[in-house]
Amino acid sequence: MTLKDDLEQWRKKLNEVLEEGDVLHERVADLEKENVLLQERLVNGDKSDGFEAVTKIYDDGYHICPANFGRVRDEECLFCLNFLLHKGKKDV
Amino acid sequence: MKVNIQKEDLLYAVQAVERAVSNKNTLPVLGGILITAKDGLLSFRATDLEMAMECVINGDIVEEGEVAVPGRKFAGITRLLPSANISLASMGREQLLVEYERSQMSVPCFLAEEFPALPQPEGEIHGTIPVKPFRRLVRQVSIAAANDEVRPVFTGILLEISGDKITMVATDTHRLAKGVCAWHGQGEASLIIPCRTLQEIARLAVNEEEEITLTANRNQAYFRLGNLTFTSRVIVGQYPDYKQVLPADNLFCCHSLIHNHRLCNALERASLISRDVTRGKGNIVRLTFEGDKLFLAAEVPDEGTIKEELAAEIQGETLVANYNARYLLEALKVIDDETVCFRLTGSTTPGIIEGASDENKDYLYLVLPVRVNR
């Protein structure tokens, strides 16, 4: 293997590491955003009752289901909605 | 090691295991395919530590031994070799000599002893699954699995083994697919197997009369199909209770039978208008189930509008619901039946898409409408 091949391999590896770093940066930024929001909620408290509070969290674009609680939600979630539907009915 | 083998046999074995060759550079030897010549058999093995694949074929073994060839490069070479007898001979510990017709080439190799050993199949779960329904179900269920590695359990397919049935479930939390097929064996378990492993098995299971043998424990699952063996890690984690999101029978308020192919075509046309307009919010089509018609519409400023009318057999309430067209299309394409059935519970609550044939009677696809203008 020539020095040129070696360098090419290292260049590829470095690019992969840099790409992975970018993905991790984005993920950390998302998590920090979520964290700030959830902390604000905890500190300020929520005037509404528990069910309304979780409904609001869901409507604000966050999961409320156990598998993904607090994660950003870009679409409707079967498990969150199931919780809201059933809890809502019980409360009625 | 020195062996003689026909190009077609070599290509078959290399292509069978090539997909398990690792793309990552963390452990270079995982980029290799281990070829072992022993007891009259040639074994080809590759692993990325999540999945391992082994293919055993007959070969003319002149001298026993093993060699770890660079996987992608060797697969490329094999594809381009002439259709003739091929001789493979190791030269020292890190070179392979490939001879064909009156030509030869040498390939640098990894140290064979660095290649990880595969665990022996063992586990309390043991039984067989017929290939035909297995392939169909993997194709139908895998569409709902997630690609997002942040949530590993959703990248897998849940296998629930109980009695004489095996239930497969996948969900990315926006939709859920579930199917059931026959299981002849012992043990009860819930295993989350990476979707990719099951797709690879389905890809290579071409003989529909065969059966797949599954042996599994809490950590690993072993699938055997003829001369092929797949070893897969079991994804660790709690799969959500999917049964709780399946609507009870009394909740369905609208049943509709629609021609599958015509609906697919209409959705594909609508997708041209509505696709990827806003990231995560695009590709929305509005379906109106009314009388004996299904009305399909999409409207996006600057992109265009589409309104279509399809014949349908509808029982129950008139219902209007918005869906991600891609989610509907993916389900309709794997159901294959001429007619599909939509069973809906409301305009913002889950609905089920099913095939109308007997073959698909144990398959369902649960999908949520999209809430718009909230």
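User: At what angle do helix 5 and helix 6 of chain B pack, and are they roughly parallel or antiparallel?
Analyst: In this predicted model, helix 5 (residues 260-274) and helix 6 (residues 325-335) of chain B have axes 10 Å apart and an angle of about 150 degrees between them. Angles over 145 degrees count as roughly antiparallel. Helix 5 and helix 6 of chain B are therefore roughly antiparallel.

User: Which strands stand at the edges of the twelve-stranded sheet of chain B?
Analyst: The sheet is open, with antiparallel pairing and the order 15-11-12-13-26-25-24-19-22-21-20-23 in chain B. Its neighbouring strands are turned by 25 degrees against each other on average, direction ignored. An edge strand has a single partner, so one of its sides is left without a neighbour in the sheet; in chain B this applies to strand 15 (189-194) and strand 23 (319-324).

User: Which residue is the bridge partner of L287(B) in strand 21 of chain B?
Analyst: Strand 20 (residues 284-290) and strand 21 (residues 293-300) of chain B run antiparallel and are joined by five bridges. In strand 21 of chain B, L287(B) has as its bridge partner L296(B).

User: How many residues of strand 2 of chain B are buried, and which residue stands opposite L34(B)?
Analyst: Strand 2 (residues 32-38) of chain B is mostly covered, with six of its seven residues buried. Six bridges join strand 2 of chain B to strand 6 (residues 65-70) of chain B, and the two run antiparallel. In strand 6 of chain B, the residue opposite L34(B) is A68(B).

User: Which residue takes a positive phi in the hairpin of strand 2 and strand 3 of chain B?
Analyst: Strand 2 of chain B is joined by five bridges to strand 3 (residues 41-47) of chain B, which runs antiparallel to it. One bridge pair is I35(B) with F44(B). The hairpin has two residues between the strands, and the residue with a positive phi near 50 degrees is D39(B).

User: What percentage of the residues of chain A count as buried?
Analyst: The elements of chain A run α-α-α from the N terminus on, with three helices and zero strands. Of the contacts in chain A with a separation of 6 or more, 31% are between residues 24 or more positions apart. Among the 92 residues of chain A, the buried share is 15%.

User: Which helix of chain A gives the largest share of the side that touches chain B?
Analyst: The contact takes 13 residues from chain A and 17 residues from chain B. By class, the chain A side has six nonpolar, two polar and five charged residues. The largest share of that side, five residues, comes from helix 3 (residues 78-91) of chain A.

How values were computed: Residues numbered from 1 in each chain as written. Chains lettered and ligands numbered in written order. Predicted model: local features only at pLDDT ≥ 70, side-chain atom pairs only at ≥ 80, totals over all residues. Contact = placed C-beta atoms within 7 Å. Helix = DSSP H or I, 4+ residues; strand = E, 2+ residues; numbered from the N terminus. Nonpolar A, V, L, I, M, F, W, Y, C, P; charged D, E, K, R; others polar. Axes fitted to C-alpha atoms, helices over the stretch in contact; angles between N-to-C directions. Parallel < 35°, antiparallel > 145°, perpendicular 65-115°, else oblique. Pairing = 2+ DSSP bridges. Buried ≥ 20, exposed ≤ 12 C-beta atoms within 10 Å, placed from the backbone.
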